[in-house]
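Have a look at the model first, then read on.

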Amino acid sequence: MRTDSLQRDYGVELRWTVFPLHPEIPEEGMALADLFRGRNFDIEAMQQRLKVVADDVGLPVVTRTRIGNSRRAQELGKWAEAMGKGDEFRRCTYHAYFAEGRNIAILPELETIAEAAGLPRDDVYDILAQSLFADAVDADWARSRELAVTAVPFHLFGEKTLAGFHPYQDYVNLIVGD
């Protein structure tokens, strides 16, 4: 991943902030066609762009017809960070959602993802039921609004920002200047 390269090549320390990507989507997910209905949005072109970017960095993606609600996965991601497993959880979540097309909102999938990341699957239900990391996600969502984030990925370095997918050199320029 590009962020791994930036950390390795430039000693950048990342602070991950989660973003409220379509929080209105129900747990069972929603068809992309329904989400974008009436918005003059070319879903096929969007997926083709994502595939090109993913192929460029060697990440697998499947063509999706549905989108899931990521809130629960975000809460578990904050738990994973607290347990020192944030990067591994993010990788496993990405793979489940983008490479395998799994619904990352439902409990059995989240338990499987947590276990794959080296976290105790038996703790997942309690973490979510007790909303132990809900405040951390709410704080990130507030930060996203303050920064006027409207697209992901969104990178901030000092006062400079870069939104969307870009070539690696653009991220380097963000850090070291043009």
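1. Start with a helix pair: the axes of α4 and helix α6 (residues 107–116) come within 11 Å and cross at roughly 25 degrees. Axes here are lines fitted to C-alpha atoms, for helices over the stretch in contact, with angles from 0 to 180 degrees between N-to-C directions. Helices are DSSP runs (H or I, at least four residues), numbered from the N terminus. That makes α4 and α6 roughly parallel to each other (angles under 35 degrees count as such).

2. Who touches whom? From α4, Arg72, Ala73, Leu76 and Trp79 meet Leu107, Leu110 and Ala114 of α6 (contact means heavy atoms within 4.5 Å).

3. A word on the source: this is a predicted model, where local features need pLDDT of at least 70 and side-chain atom pairs count only at pLDDT 80 or more, while totals for chains, interfaces and linings use all residues. Residues are numbered from 1 along each chain as its sequence is written, and side-chain values use heavy atoms, leaving out hydrogens and water.

4. Next, glutamate 75, which sits in helix α4 (residues 71–82). Glutamate 75 is buried, with a relative accessible area of 9% (buried means under 20%, with a 1.4 Å probe and protein chains only). Leaving aside neighbours within four places in sequence, glutamate 75 is in contact with Leu128, Ser131, Phe133, Ala134 and Val137.

5. Leucine 76 is worth a look too: beyond its neighbours within four places in sequence, leucine 76 is in contact with Phe89, Leu110, Val124, Ile127 and Leu128.

Definitions and conventions
Helices (H or I, at least four residues) and strands (E, at least two) are DSSP runs, numbered from the N terminus. Buried means under 20% relative accessible area, exposed over 50%, partly exposed in between (1.4 Å probe, protein chains only). Angles under 35 degrees count as roughly parallel, over 145 as roughly antiparallel, 65 to 115 as roughly perpendicular and the rest as oblique.
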